[in-house]
Amino acid sequence: MIVAVLGTGQRGRDIAQRCVRAGHEVRLRGTDATDVMDRVDEIRRALTEDVSASIDGTTGLESAVSGSDISIDVTDGGRDSHREVVAEAETMVEEETLIAVSDTSLSVTAVATGLRSPDRAVGLNLVAPPDGAIVEVVIAEQTTAATRDRVTDFVESLDASPIVVRDTPGFAALRLELATIAEAIRMVEDGVAGVRDIDRTFERGGSDRDGPLVRADRHGLETVLTALEDLAERLDERFEPPALLRQKLADGQRGAVSGEGFYVWEDGEPTTGAAPDPDVPTRDSDPDLR
């Protein structure tokens, strides 16, 4: 397939690299020529020579999307910006070209209203890690069954499992991620257990995935706060950010990027918890039983 990836940010890089690795021809489009070629070179270095030739960069929208099977908008910007990008791209593609948007903060349904054929619109989100086994397929109100089926086939071609979700705030993966992180932070607030023990409880001892507090630090606590505030506004108080999260940011503890969050970080890895473990009270033995 010919895949047009519109946007050279981290999400654009991840999607483009995933598609190249799967053997698709990728056209990566950005507005700055130097940035585009830097990203193309970065992807080529990350992949073997036998597949790196199937990616090219361009600053032209038409040269990116013309003849493509799917156009994926991963540009930065709000709803109106995405709507303009996909509407312009639609004038340059074939009737059967799929049009996807990758942005967990937006309604795909709202973006699709700018299309002449909104039935071919869909959301497409790589679930962390970006080379992992899950990709969300977001079904807008206008999305047809035929579009859904074609997009799930495309996701399977990436050696991933498509998770079909309705177009709701946060979709599925982000809501679960933020709910888990928020509850783990509240457990720290309440002194339920230490930071490492809370993460170990989540990992069940055998998982190779980081616990929620490590992940919060890796995401960046500012990013977590912004995402929680957004979902609290669009959904309800279940996603109201814990006070401890706000306090850490006020204290300059931003997570891995600053060297301290819920953990102290050294060389990109968490070491000790940033605060002492809580003193979980115990009772003295009953002297009558001694």
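Predicted model: local features only at pLDDT ≥ 70, side-chain atom pairs only at ≥ 80, totals over all residues.
**Helix 7**

I looked up helix 7 first. Helix 7 runs over residues 145-157 and has 13 residues. From its first C-alpha to its last I get 18 Å, close to the 18 Å expected at 1.5 Å a residue. I then asked which residues of helix 7 are buried. They are Thr147, Val151, Thr152, Phe154 and Val155. Down the axis of helix 7, the buried residues fall within an arc of 155°, so they line one face of the helix. I also checked what comes after: helix 7 is followed by Asp159, which has a positive phi, near 60°.

**Helices 9 and 10**

Next I took helix 9 (residues 195-203) and helix 10 (residues 212-219). Their axes come within 7 Å and cross at roughly 105°. Angles of 65 to 115 degrees count as roughly perpendicular, so I put helix 9 down as roughly perpendicular to helix 10. On the helix 9 side, the contact is made by Val195, Ile198, Asp199 and Phe202. Helix 10 brings Pro212, Leu213, Val214 and Arg215. Sorted by class, I have six nonpolar residues, two charged and no polar.

**Leu221**

Last I went to Leu221, in helix 11 (residues 221-234). Is Leu221 buried or exposed? Its relative accessible area is 0%, so I noted Leu221 as buried. Leaving out residues up to four places away in sequence, I listed what Leu221 touches: Ala216, Leu245, Lys248, Leu249, Gln253, Arg254, Gly255, Gly261 and Phe262. For one of these, Leu245, I looked up the spacing. Leu221 and Leu245 are 24 residues apart along the chain, and their C-alpha atoms are separated by 7.2 Å.

Key
Residues numbered from 1 in each chain as written. Heavy atoms only, no water. Axes fitted to C-alpha atoms, helices over the stretch in contact; angles between N-to-C directions. Helix = DSSP H or I, 4+ residues; strand = E, 2+ residues; numbered from the N terminus. Parallel < 35°, antiparallel > 145°, perpendicular 65-115°, else oblique. Contact = heavy atoms within 4.5 Å. Nonpolar A, V, L, I, M, F, W, Y, C, P; charged D, E, K, R; others polar. Expected span 1.5 Å × (residues − 1). Buried < 20%, exposed > 50% of the residue type's maximum accessible area, 1.4 Å probe, protein only. Arc of directions from axis to C-beta.
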